[in-house]
Amino acid sequence: MGLFGGRKTVYVDADILVIGGGMAGCGATYESRYWGRDLKIVCVEKANIERSGAVAQGLYAINCYMGMQWGENQPEDHVRYARNDLMGLVREDLGYDIARHVDSTVHKFEEWGLPIMKDPKTGRYQREGKWQIMIHGESYKPIVAEAARKAATEVYNRIMVTHLLMDKSKANRVAGAVGFNVRTGDYYVFRAKAVIVGAGGASHIFKPRAVGEGMGRTWYAPWSSASAYALPIQVGAKMTQMENRIVLTRFKDGYGPVGAYFLHLKTYTQNGYGEEYESKWYNHTKELVGDYIDRHPVPTCLRNHAFLEELKAGRGPIRMVTTEAFQDPHKETVGWENFLGMTIGQAVVWASQNIDPKHINPELTTSEPYVMGSHATCSGAWASGPEDYAPAEYQWGYNRMMTVDGLFGAGDTIGGTAHKFSSGSFTEGRIAAKAAVKYVNDMGKDRPQVSEQEYRDLEKLIFQPLENYRLGRNEIVGGTVSPSYLLPIQGLQRLEKIMDEYVGGIGANYITNSMLLNRGLELLGMLKEDMAYMGAEDIHQLQRAWELNHRLLASESVTHHTLFRKETRWPGYYYRGDHMKLDDKDWHCFTLSRYDQNTGKWEMEKAPVYHIID
Ligand SMILES: Cc1cc2nc3c(=O)[nH]c(=O)nc-3n(C[C@H](O)[C@H](O)[C@H](O)COP(=O)(O)OP(=O)(O)OC[C@H]3O[C@@H](n4cnc5c(N)ncnc54)[C@H](O)[C@@H]3O)c2cc1C
């Protein structure tokens, strides 16, 4: 708020509003302009699209590229791969749709200046693995952002979107969004005909391994605060597979990526005694999941499972054998560059812990769980599929439209489609945008109207934590403890503790059961009640308060889904101690939820999995 006046309300009208200017949001903004030459395209981002989202720091590989121009892979192959990795459950229509378009996205990136490594012998893109190509990607995000900036009518940076607005005349139709500027505190009311959510995944809903001053050191971006889920959930959009949280095996303490090490440098893992251990757990895993253990490649969660079992057997730590590969100077360079282009922190951790991977095999760890829709996992919103490919049951409107009219999504936001990664998320943004433009064009004069009452009520709610703090700040009991309010960091730590202990985090060895989950829901409910007493000392803390709100709603969703699915589908990601086996008879299906914000109730249902590709 300015020194000399009250808070300003800024009104922005748009045909298409893109929330989040990460990979999916930039793709959506770019493509909206292509199909909607005369439309007003607005992108709103809580950071600055130049360096925002999970790709902010850069990447060393594009993990989803078919290579159809050289006959390397076909879209059907990618669907089979993702289905296998997710233990049979993916939206094959959505996955196929991304795979058939993703190569053209990557070609655009190269045209826009992204340096892609080439194989000197073949002249093709340098492969890291079957699906990955290697890039000099420190500037990946600015390159992609430039395309979005040029396409957008306006980009609003530093605005955190907190709620969607609904049409006052037509139930279940989106009409815009509200939020606030995280620097000035101005209130923003966006009125739009269609909204595309691309607000990234969720870290910090489970207690992280790194705590205290190191708590920002998570694998997934610490600023990924679950808005992608909370915004649609608030307005009653159906979500799918929210139980499918992901746990990553990464280099210890820095969460440096292992993909280039495994795939390109051909490093491998061993236990504390220098032994190969994965094969030891074959029979045991087969007991739990049946033939899924025989699939190739072995699903990511099952490799985690062997890692966790070996640790439980007391034969840790698990190490990556780098000392052999790093004798080759070329491989040594690639190993270090891999971090410098995307996770500099890992190189710093090794330096600070006297680890030279040429002489010492570095330790690996498994991360706390994250919720996302674009990596080796597929939590997110339930979306309508492509007209030419989706089974009738998966089609109720426009491609990538959620179960709320005019509300589209892409990237981490959309569920059921694992392994899209950065290029697939951008591609899905393009797909959603094309459909959103059609939706807007088809709309004619029947435009959504926002209710002044609704956005004024929301304004009061959104800024309340500032008021709570102003009134209660003199009652501090000691340090930062107050009888009148809860600070965002205190609420966050409480959330993380509940999720960790009751919903299968690191502290519980990723195990939970119906008793724990039900108790977890009660405790989450109590935290939800206390959110009315959130105190924010400044606008930055106000942002933290709303990020916590979003994380809390997503956590509730994760807990309900975990309770609903009565099997352990992905051992290594989490375990239902009361249903330890995979159960294809009853649970070869998607889980769907719908939240009613008026009653606070969640409805759960199953949806069929259609195998379209043989
Ligand atoms: C550590 C790590 C390594 C990875 N490695 C690779 C790799 O090697 N290769 C690869 O291809 N992919 C990789 N990925 C995956 C890739 O980064 C993601 O798939 C992709 O970024 C997802 O795109 P998205 O647009 O959904 O989310 P993001 O790119 O994270 O974008 C979300 C955007 O929304 C904004 N936002 C969030 N909430 C709000 C709000 N309330 N209001 C306004 N704006 C908001 C965020 O600031 C952000 O800009 C990696 C991801 C991580 C975290």
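Let's start in a loop: Tyr510 sits between α13 and β16 (511–512), where helices (H or I, at least four residues) and strands (E, at least two) are DSSP runs numbered from the N terminus. This is a predicted model, in which local features need pLDDT of at least 70, side-chain atom pairs count only at pLDDT 80 or more, and totals for chains, interfaces and linings use all residues. Residues are numbered from 1 along each chain as its sequence is written, and side-chain values use heavy atoms, with hydrogens and water left out.

- Tyr510 is not a glycine, yet its phi is positive, near 65 degrees.
- Tyr510 counts as buried at 1% relative accessibility; buried means under 20% relative accessible area, exposed over 50%, and partly exposed in between (1.4 Å probe, protein chains only).
- Arg400, in the loop between β14 and β15 (407–409), also has a positive phi, about 65 degrees, without being a glycine.
- Arg400 is buried, with a relative accessible area of 0%.
- Which residues does a cis peptide bond join with omega about -5 degrees? They are His296 and Pro297, and Pro297 lies in the loop between α7 (282–289) and α8 (300–312).
- The peptide bond from Gly316 to Pro317 is cis too, with omega near -5 degrees; Pro317 lies in the loop between α8 and β12 (319–321).

**Helices**

- Helix α1 (residues 23–35) has 13 residues, so at 1.5 Å a residue it should span 18 Å, and its end C-alpha atoms are 19 Å apart, which agrees. The expected span is 1.5 Å times one less than the number of residues.
- Is α1 mostly covered or uncovered? It is mostly covered, with eleven of its 13 residues buried, including Met23, Cys26, Tyr30 and Arg33.
- Among the elements covering the buried residues of α1 are β1 (9–19), β2 (41–44), α4 (140–151) and α11 (421–443).
- Helix α5 (residues 227–234) is mostly covered as well: eight of its eight residues are buried, among them Tyr229, Leu231 and Pro232.
- Tyr502 belongs to helix α13 (residues 488–502). Tyr502 and Thr512 are ten residues apart in sequence, and their C-alpha atoms are 6.2 Å apart in space.
- Leaving aside neighbours within four places in sequence, Tyr502 is in contact (heavy atoms within 4.5 Å) with residues including Thr512, Leu516, Arg519 and Leu523.

**Strands and sheets**

- Strands of a sheet pair through backbone hydrogen bonds, either parallel or antiparallel. Here, two strands pair if DSSP finds at least two bridges between them.
- Four strands form an open, antiparallel sheet in the order β14-β9-β18-β19. At its edges stand β14 (380–381) and β19 (601–608), each with a single partner strand, so one side of each is left without a neighbour in the sheet.
- Strand β18 (residues 589–596) pairs with β19 over eight bridges in the antiparallel sense, and Ser593 stands opposite Met604 in β19.
- Strand β6 (residues 159–166) is largely enclosed by the rest of the structure, because eight of its eight residues are buried.
- β6 and strand β7 (residues 174–181) form an antiparallel pair with seven bridges, in which Met166 stands opposite Val174.

- On a 1 Å grid over the protein atoms alone, a cavity is a set of points where a 1.4 Å probe fits but cannot get out, while a pocket is an open set with protein on both sides within 12 Å along at least five of seven lines; lining residues have an atom within 4 Å of a point.
- Grid points are joined across faces, edges and corners, and a volume is the space filled by probe spheres set on the points.
- How many cavities of 30 Å³ or more does a search of the whole structure find? The search finds one, and the largest cavity has a volume of about 80 Å³.
- The largest cavity is lined by 14 residues, with His78, Ala82, Gly95, Thr417 and Ala418 nearest its centre. α2 (75–85) and α3 (92–111) are the elements that each give two or more residues to this lining.
- The second largest pocket holds about 610 Å³ of space. Its lining has 24 residues, and Leu461, Lys528, Met531, Asn549 and Tyr595 lie nearest its centre.
- α15 gives the most to the lining of the second largest pocket, with seven residues.
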